[in-house]
Amino acid sequence: MSDTTEHVKCLIIGSGPAGYTAAIYAARAEMKPVMYQGLQPGGQLTITTDVENYPGYPEGVQGPQMMIDFQKQAERFGTDVRWGMVTEVDFTGPVHKVTVDGEKEVTADSIIIATGASAKWLGLESEERLNGHGVSACAVCDGFFFKGQEVAIVGAGDTAAEEATYLSKLCTKVHMLVRRDEMRASAIMQQRVKDAANIEIHWNTETVEILGDKAVEGVRIKNTESGEESTLNITGFFVAIGHKPNTDVFKGWLDMDDVGYLKVKPGSSKTNIEGVFASGDAADKIYRQAVTAAGTGCMAALDAERYLSEKGLH
Ligand code: NDP
């Protein structure tokens with residue numbers, strides 16, 4: 001072991017609703033949890049606005065504020081919340097090893113994974129080239145830069161509907177590019193899109209190329225039924241087509257499906273490795289809600305506590 005190695009009873013990887021809920025339970029159970037927050041402290045809720053469906057907030061709450069509250073609650077009971085990214089793991093022995101930021105080694109009796117998921121991209125060369133120069137996967141983070149301008153958003157799920165509605169309040173016009181002739185978004189979200197006078201829905205529409213050299217100047221789109229191509233003069237292009245679980249670092253160690261969602265034993269947070277528990281969006285491709293993530297974070301802490309007790313480690 002290098003002299004930078006530290007041993008902890010319970011290590012939590014990730015800082016969304018799952019990670020913080022696990023931390024609250026683990027800290028109150030005297031497991032002295034240490035949390036590494038990852039690249040996006042607070043997780044996906046820090047890039048959303050109103051959360052109206054989390055019980056306990058009758059007036060709704062802003063996502064970033066909710067995550068500050070979660071963190072405060074976890075710290076109140078002694079969670080050691082740290083900035084840092086887990087870059088490698090070694091689950092060979094009963095004591096699990098992780099490397100943080102490529103250098104610091106931490107060993108842990110139990111590990112709770114709560115690494116969440118990240119935005120997916122279309123995969124176009126122009127999208128990559130113009131990323132940060134008018135192309136964004138987060139309307140709430142970047143919409144403000146396009147105030148008073150015309151923008152497009154691709155996707156047809158709840159995220160796309162929510163972000164299109166958000167953008168419609170800032171921008172003169174929002175073009176919503178939907179690849180099929182219907183939306184996947186829930187009825188209430190679709191209705192909000194349809195109620196916004198300045199959102200135009202382009203059905204059966206694919207993105208061919210985002211135009212512009214140093215900044216977005218337009219987008220070339222194609223109607224998949226007629227094959228007809230046209231250009232929209234926009235300055236912002238938002239991608240809202242779903243997410244990928246942040247589980248690459250666990251490949252080869254933990255069982256996962258072909259997309260990368262971690263597999264847990266039904267009705268529990270147990271992975272295929274003893275003492276390693278999974279929670280939140282990293283292990284949930286179906287519900288993906290803050291409240292379900294928090295619920296599974298709680299399960300992971302309870303499972304970890306039981307595991308440590310059974311092993312005589314707590
Ligand atoms: P989803 O997977 O639900 O939707 C992704 C959308 O992107 C689909 O409409 C899909 O089209 C489209 N899409 C995927 N790939 C492409 C592509 N290459 N080109 C064009 N379009 C593409 O992801 P979301 O992020 O919208 O939602 C994830 C989960 O989070 C859902 O369960 C959702 O309900 C939930 N959520 C809830 C919210 C709330 O309640 N406030 C807010 C945001 C999300 P197609 O339909 O054709 O497959």
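Predicted model: local features only at pLDDT ≥ 70, side-chain atom pairs only at ≥ 80, totals over all residues.
View 1. Strand S6 covers residues 86-90, and strand S7 covers residues 96-100. Four bridges pair the two strands in the antiparallel sense. Five residues lie between S6 and S7 in this hairpin.

**View 2. An open sheet of three antiparallel strands.** The strand order is S14-S15-S16. Strand S14 (205-211) and strand S16 (229-232) are at the edges. Each has a single partner strand, so one side of each is left without a neighbour in the sheet. From one strand to the next, the twist averages 25°. S14 is joined by six bridges to strand S15, residues 218-223, and the two run antiparallel. Within this part of the sheet, Glu209 stands opposite Arg220 in S15.

**View 3. An open sheet of five parallel strands.** Here the order reads S10-S17-S11-S12-S13. The edges belong to strand S10 (135-136) and S13. Both have a single partner strand, so one side of each lacks a neighbour in the sheet. S11 and S12 run parallel and are joined by five bridges. Ile153 has Met176, in S12, as its bridge partner.

**View 4. The buried residues of helix H5 and what they pack against.** Helix H5 spans residues 158-168. Its buried residues are Ala160, Ala161, Glu163, Ala164, Thr165, Leu167 and Ser168. These residues pack against two helices, H4 (139-142) and H6 (187-195). They also pack against strands S11 (150-154), S12 (173-177), S13 (199-202) and S17 (236-239).

View 5. Gly134 sits in the loop between H3 and S10. Is Gly134 buried or exposed? Gly134 is buried, with a relative accessible area of 8%. Setting aside residues up to four places away in sequence, Gly134 touches Phe146, Val216, Thr235, Gly236 and Phe237. Phe238 is 104 residues from Gly134 in sequence. In space, their C-alpha atoms are 8.2 Å apart.

View 6. Glu125 forms a salt bridge with Arg129. The closest N and O atoms are 3.0 Å apart. Why are the two residues separated by about one helical turn? Glu125 and Arg129 are four residues apart in helix H3 (residues 125-129), so about one helical turn separates them. An α-helix has 3.6 residues a turn, so residues three or four places apart point the same way. Glu125 is exposed, at 54% relative accessible area. Arg129 is partly exposed, at 35%.

**View 7. A salt bridge between distant parts of the chain.** The side chains of Asp257 and Lys285 meet in a salt bridge, at 3.0 Å from N to O. The two residues are 28 residues apart, and the pair links distant parts of the chain. Asp257 is in the loop between strand S18 (243-245) and strand S19 (276-278). Lys285 is in the loop between S19 and helix H7 (290-310). Asp257 is buried, with a relative accessible area of 16%. Lys285 counts as partly exposed, at 44%.

View 8. Lys244 and Asp248 meet through their side chains in a salt bridge of 3.1 Å, N to O. Lys244 is partly exposed, with a relative accessible area of 33%. Asp248 is partly exposed too, at 46%. Salt bridges also link Glu6, Asp80, Arg82 and Lys104 in a network. How many salt bridges are there by this rule? The count comes to 13.

**View 9. Aromatic rings, and a charge over a ring.** Tyr54, Tyr57 and Phe70 are linked by ring pairs into a cluster. The count of aromatic pairs comes to six. Arg28 lies over the face of Phe77. The distance from the ring centre is 5.3 Å.

Technical notes:
Residues numbered from 1 in each chain as written. Heavy atoms only, no water. Pairing = 2+ DSSP bridges. Axes fitted to C-alpha atoms, helices over the stretch in contact; angles between N-to-C directions. Salt bridge = Lys/Arg side-chain N within 4 Å of Asp/Glu carboxyl O. Buried < 20%, exposed > 50% of the residue type's maximum accessible area, 1.4 Å probe, protein only. Contact = heavy atoms within 4.5 Å. Phe/Tyr/Trp six-rings, centres within 6.5 Å; stacked < 30°, edge-to-face > 60°. Lys NZ or Arg CZ within 6 Å of the ring centre and 35° of its normal.
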